[in-house]
Amino acid sequence: MDTVMREAWDDVFNAHKVEPDYSKFKARYGRYYTKHRMTTAPLTGSGLQKVLSSKKAKGACGVDGWRVAELKRLPISLLEGLATLFNLVEQVGRWPKALCTALVSLIPKGTGLKPLDNRPITVTSAIYRLWACARLRSVLPWQENWLTERQHSF
């Protein structure tokens, strides 16, 4: 099944076989954006708790088995440890292998059983999604520094 799906979706996910050249992109579009260094404060247990409080408890778990509902029940001391882990990951630029694996599920688009009649969706770890949500709160104000009125996101 995995081989059939990969072959069917290869043209979509690997449409560009060559990695894009940033220097060409910058030469063409560089005048439309300016650099603004992104600075972020270290993540904290209370900050993660705040993010979790806004999340629905339902949702799929990743291969690590964690669910948002379980993360919400963690005491602040364990969330502080998780924040320390996230801050270390940001400093060294590497995630623990256990958090780098994701599940791919197939969602039917409608009727039909052919590979392209199903949409693959990737489910990452709830721990990784917690970090991503926490950092998104930093990214949104930062992007406002360099987006022009003609550029849009989210």
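Tutor: A nonpolar core is a set of buried Ala, Val, Leu, Ile, Met, Phe, Trp, Tyr and Cys residues joined through side-chain atoms within 4.5 Å. This is a predicted model: local features need pLDDT of at least 70, side-chain atom pairs count only at pLDDT 80 or more, and totals for chains, interfaces and linings use all residues. Residues are numbered from 1 along each chain as its sequence is written, and side-chain values use heavy atoms, leaving out hydrogens and water.

Student: Which residues touch the most other members of the largest nonpolar core?

Tutor: Leu48, Leu71, Leu82, Phe86 and Leu130, out of 18 residues. Helices α3 (45-53), α4 (68-72), α5 (76-92) and α6 (126-144) each supply at least two residues. The most come from α6, with six. Helices (H or I, at least four residues) and strands (E, at least two) are DSSP runs, numbered from the N terminus.

Student: What does Leu82 touch, not counting residues up to four places away in sequence?

Tutor: Leu48, Ile127 and Leu130. Contact means heavy atoms within 4.5 Å.

Student: Why is Asn118 called buried?

Tutor: Buried means under 20% relative accessible area, exposed over 50%, partly exposed in between (1.4 Å probe, protein chains only). Asn118 has 12% relative accessibility, so Asn118 counts as buried. Its place is in strand β2 (residues 118-123).

Student: Why is Phe25 called partly exposed?

Tutor: Phe25 has 43% relative accessibility, so Phe25 counts as partly exposed. Phe25 lies in helix α2 (residues 22-29).
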